[in-house]
Amino acid sequence: MLKKLPAALLRFPRRLLSVSRVRSHLGSMEPAVVRCVPGEPRLTISFSIAGSQKHMQREQDEPLGKVLTRIACNFAKDQGRAKKSKRKAQQQPSESPELAVVKLLVDGGEVEDTVVNSEAWRDGAVLRVGDVSYLVSRNTPTFTSAELPASLLAGFPVCPKLEVEFGDLQDCEFFWFKGKESAQTSGDAAVEGIAWTEVGRARVYVPSNQEIGCRLKLCCTAKDGRRRGQIKELVSASAVEAGPGVCTFDTRHAYTAKPVDWPSVRVVSYNILADIYAQTELSKTVLYPYCPPYAMQLDYRQNLIKKELAGYHADIVCLQEVDKGVFLDSLIPALDAFGLDGVFRVKEKQHEGLATFYRRTKLKLLSRHDIMLSEALTSDPIHGELLEKVSANNFLKDKMVKRSTSLQVSILEDLSQAGRKVCVANTHLYWHPQGGNVRLVQMGVAMRHLSHVIEEVAPGAPLVFCGDFNSSPTSGVLQLVTEATVPQQHSDWSSSGPEESCPMELPSTLPPLLSACGPLAYTNYVGGFQGCLDYIFIQPERMQVEQVIPLPSHEEVTTHTALPSVAHPSDHIALVCDLRWNP
């Protein structure tokens, strides 16, 4: 096992510790890292011979003697090449290299050649190759993925993407440094010549305006309790740039500076604008021509989104239009660092979908019950009556079946009170302005599915239903949700013309829900449209609203014409409210 670094080393006083210097404090032995996972056919042995890094993959049930012989041969070849090069320079005849003595020792005793690899390579064993000794570390905590964001803005959190094997990110150590490149050098030489100064020791670092123009370096050590891996060093690809100044969400953060205490939960619903839509020619020239191209770039917008979400200190976050890559490479690393775990539901035939995050210290995921609404309508018997009515109009049915709209459903348990559960639903309904009839059918399927899940899996659990419903306060969808029924006379049944008209009385299988954030002038504000499309619905008999975080002022929203902008990352505005469990 690798020894723990002395406290003096951990202080890193104003300068960077090199990996070689750290190793000198681990003793005279070089490391030999062994990865051996039960159930996998092979193990990996990694060590350095004469400056050449070796990664050997061997069968776990192979006798130790075979791998020791292979190591001896590799060592002899490396030694032979070095001697051959030296003799050639001195014009001397070459000689056949001698095999080095290779042994594996455990507790001072030599391991027999017949012992299989999976049992022989123990943590703390010593590998001897000639005169060189290696300390074996088996399944040492290791970063399998480690990278810094491409874009760094002053005042915005830098959240490294980290994945650790045989360790826990909560145990890992982080040391941040800043430094400026020399104007006379460039490339790798410029990085090597930087004089680094320590600036932080947390997993997330927020650079200040004084660090504009500086590169950042992160030295992180994977850990699992007291077990330590090797130091991983990351250097930012670019320097810190100036941020946009005041953002639309800065004032809102004053209301959410602290997390809420039990029995309250803070909920966020937010359509964050998928990059696959933001980068289309339609978006650039028609929908958002007022937004500078750099502010539409994903890296820039992700900086703003991560800071905005972090500042809300939410317990439940429901996001729509989440690119799959953004979920994996940006949101998971960032929100995990802020204490949130998350699940993702990709939209069929798309590269974006729905994401639900929850605070791991307050809530636990018990089960998921996601569906694609069109598929559920045609295959789940609980929707048989609705399917029969929709089938009366083949045009409407065909349009409904072609939609890939999904409903994400998560059953969470309150860790403060065993057995107390909440059903969190998240959706993004059909977008077309004339698609009110499709959205009504979609909502009918969603409501019946939710009532069925609650009845079967979490009886009595309150429902928190978030999303971009693409529906105005006067729409049929809102009437269905808030009044528990929509009559056949509602104009939305004929929203796309008489050909697709399918009037019906549609009852909800849930009691009337309440829009937690109340009536709002708009949640979507672009150059050609302003309206309320996003909602957080709750069951008022089971949860009550404690606080609704005010939306940005109209002046803030229109400072840069409309949304998105250099100060706001999406064309939608996040809904944020504090809810309290009813006794």
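Let's start with Leu273, which counts as buried at 3% relative accessibility. Buried here means under 20% relative accessible area, exposed means over 50%, and partly exposed is in between, using a 1.4 Å probe and protein chains only. Leu273 sits in the loop between strand 14 and helix 7 (275-278). A quick word on those labels: helices (H or I, at least four residues) and strands (E, at least two) are DSSP runs, numbered from the N terminus. Leu273 also has a positive phi, near 65 degrees, and it isn't a glycine. As background, most residues other than glycine have a negative phi, and most peptide bonds are trans.

Before I go on, this is a predicted model, where local features need pLDDT of at least 70, side-chain atom pairs count only at pLDDT 80 or more, and totals for chains, interfaces and linings use all residues. Residues are numbered from 1 along each chain as its sequence is written, and side-chain values use heavy atoms, with hydrogens and water left out.

Okay, back to positive phi. Glu321 is not a glycine either, and its phi is about 55 degrees. You'll find Glu321 in strand 15, and at 11% relative accessibility Glu321 counts as buried.

Then there are the cis peptide bonds. One joins Trp262 and Pro263, with omega at about 10 degrees. Pro263 is in the loop between helix 6 (250-253) and strand 14 (264-271). Another cis bond joins Leu563 and Pro564, and there omega is about -5 degrees. Pro564 belongs to the loop between helix 17 (554-558) and strand 30 (575-581).

Let me zoom out. The chain has 17 helices and 30 strands, and its C-alpha trace spans about 100 × 55 × 50 Å along the principal axes. Of the 583 residues in the chain, 53% are buried. If you look at contacts (heavy atoms within 4.5 Å) with a separation of 6 or more, 71% are between residues 24 or more positions apart.

So which helix is largely enclosed by the rest of the structure? That's helix 16 (residues 476-483), because six of its eight residues are buried. Those are Gly476, Val477, Leu478, Gln479, Leu480 and Val481. They pack against helix 15 (436-457), strand 23 (485-486), strand 24 (506-507) and strand 28 (534-538).

Next, salt bridges. The rule is a side-chain nitrogen of Lys or Arg within 4 Å of a carboxyl oxygen of Asp or Glu, and the whole structure has 23 of them. Here's one: Glu40 and Arg35, at 2.8 Å from N to O. Glu40 is partly exposed, with a relative accessible area of 31%, and Arg35 is partly exposed too, at 29%.

Now take Asp315 and Arg359, whose side chains meet at 3.4 Å, N to O. Asp315 is in the loop between helix 10 (298-312) and strand 15 (316-323), while Arg359 is in strand 17, so this pair ties together parts that are 44 residues apart in sequence. Both Asp315 and Arg359 are buried.

Asp336 and Arg360 make another salt bridge, with their closest N and O atoms 2.5 Å apart. This pair also links distant parts of the chain, 24 residues apart: Asp336 is in helix 11 (residues 324-337), and Arg360 is in the loop between strand 17 and strand 18 (363-368). Asp336 is buried at 14% relative accessibility, whereas Arg360 is partly exposed at 25%. And these two belong to a network of salt bridges that links Arg203, Asp336, Asp341 and Arg360.

One lysine I'd like you to find is Lys347, in the loop between strand 16 (340-346) and strand 17 (352-359). Is Lys347 buried or exposed? At 15% relative accessibility, Lys347 counts as buried. Leaving out residues up to four places away in sequence, Lys347 touches Glu352, Gly353, Ser404, Ser406 and His428.

Last stop, the cysteines. How many disulfides are there, taking a pair of cysteine sulfur atoms within 2.5 Å as the rule? The count is zero. For Cys219, the nearest cysteine sulfur is that of Cys220, 7.5 Å away. For Cys220, the nearest is that of Cys172, 7.5 Å away. Cys219 is buried, with a relative accessible area of 3%, and Cys220 is buried as well, at 0%.

Definitions and conventions. A disulfide is a pair of cysteine sulfur atoms within 2.5 Å.
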